[in-house]
Amino acid sequence: MKIFTSLLTFLLLSQISFGQQNTSPYEWKWKRDGIWTGAAFAASAGGLLIISNKDSYSDEDLAQIRSEIDEINFMDRWVAGNYSENANKISDIPFALSFAAPFALLLDKKTRNHSGQLFGIYIESLATTSALFTITAGLSNRSRPYTYGTDAPLEQRKSITATRSFYSGHVAATATATFFAAKVYQDFNPGSPAIPYIYAGAAILPAAVGYYRMQAGQHFLTDVMLGYTLGALAGYYIPELHKKKNQSLSFQPIMDQNFYGENYQAISLRYQF
C-alpha cells in the first residue's frame with residue numbers, strides 16, 4: 001500500500017508547465033564562439049598558405065603517376081583517368097545551391113525570429129569545415145584522378161591544384177550546409193512530418209556534387225566519402241553543441257503524509273518547456 005501510495009504521489013506531483021513557445025533551442029556565447037570561429041578562419045588561412053607553397057608536378061612526376069594506376073585501391077581505381085570539364089561545371093550547381101539551403105529557414109517563422117543567432121552558428125560550421133579541409137589538403141599530396149590520364153590539359157595536370165585530391169572540399173562544404181539546415185529545422189520543429197524529406201534532400205545534394213566531382217576527375221570515391229562524412233558531422237553536430245542545457249527537468253525529494261495519515265517518501269518530477 002505504501003509503495004502504491006508513493007508511486008501515485010510521484011505521478012500526481014509531476015508538473016508540466018508551458019512557457020514561451022518561440023524560443024531558440026540554441027545559445028550563442030561570444031567568448032566561446034567568437035574564439036572558435038576566429039580560430040577556424042585563421043586555420044583556414046594557414047591551410048591555404050601551406051597549399052600555395054606546395055610543389056607542382058613535372059613531366060617526370062606525371063609519368064610516374066600514370067605508371068602507378070594499377071596500384072590504386074579497388075574502390076578508387078575506376079575513377080582514375082576521368083576528366084570532364086562539363087561535369088566539373090555541373091558539380092558547381094548543387095554546390096552553389098547548398099549554401100542557400102540554410103536561408104530557406106527564413107521561410108519558417110520560428111527560425112526567422114532567431115536568424116542572427118543561426119547565421120552565426122552557420123558561419124562557425126562552415127569555418128570549421130574549411131579549416132579541416134584546407135589543412136588536410138595542404139599537408140596531404142594525393143594526385144587528382146585526371147592526372148592518371150592525358151585528357152586534361154597538361155598545364156592543369158602540372159598545377160598545384162592537381163596535388164590535392166584528398167579530400168573533397170566541395171562535398172564537405174555542401175554536406176555541412178545541407179545537414180545544418182536539416183538539423184536546425186528539426187530542432188525548431190521536432191514534430192514536423194517534413195523532417196524525413198528534408199534530411200533526404202540534405203543527403204542527396206552533396207551526393208550529387210560528389211558524383212559529378214568524380215566524373216570530372218577531381219576526386220576519388222574515398223575523397224568524396226570522407227568529405228561527405230566530415231561535412232555532415234559538422235553540419236549536424238555543431239548546432240547540437242550549441243543546444244541549451246536541459247535545465248527544465250528537475251527532481252526534488254519530498255516527505256509528507258497522505259490522506260490516511262501515513263508517512264510517505266517520494267520524488268517530485270518537474271518538467272518545463
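Leaving aside neighbours within four places in sequence, Asn88 is in contact (heavy atoms within 4.5 Å) with Arg213, Ala216 and Gln218. One of these partners, Arg213, also meets Asn88 through a side-chain to side-chain polar contact of 2.7 Å. A polar contact here is a pair of N or O atoms within 3.5 Å; within protein, one must be able to donate a hydrogen and the other to accept it, and residues adjacent in sequence count only if both atoms are side-chain atoms. Asn88 belongs to helix 4 (residues 85-100). Because its relative accessible area is 15%, Asn88 is buried (under 20% relative accessible area, with exposed meaning over 50% and partly exposed in between; 1.4 Å probe, protein chains only).

The model is predicted, with local features needing pLDDT of at least 70 and side-chain atom pairs counting only at pLDDT 80 or more, while totals for chains, interfaces and linings use all residues. Residues are numbered from 1 along each chain as its sequence is written, and side-chain values use heavy atoms, with hydrogens and water left out.

Stepping back to the whole fold, the protein chain contains 10 helices and three strands. Helices (H or I, at least four residues) and strands (E, at least two) are DSSP runs, numbered from the N terminus. Their order along the sequence is α-β-α-α-α-α-α-α-α-α-α-β-β. Of the 273 residues in the protein chain, 41% are buried. Among contacts between residues at least 6 apart in sequence, 79% join residues at least 24 apart.

Thr37 counts as buried because its relative accessibility is 11%. Not counting residues up to four places away in sequence, Thr37 touches Trp28, Ile123, Glu124 and Ala127.

Glu124 also takes part in a helix pairing, together with Ile121, Ser125, Thr128 and Thr129 of helix 6; on the helix 10 side, the contact is made by Ala234, Ile238 and Pro239. The axes of helix 6 (residues 115-139) and helix 10 (residues 221-241) come within 9 Å and cross at roughly 135°. Axes are lines fitted to C-alpha atoms, for helices over the stretch in contact, and angles run from 0 to 180 degrees between N-to-C directions. The two helices are therefore oblique to each other (angles under 35 degrees count as roughly parallel, over 145 as roughly antiparallel, 65 to 115 as roughly perpendicular and the rest as oblique).
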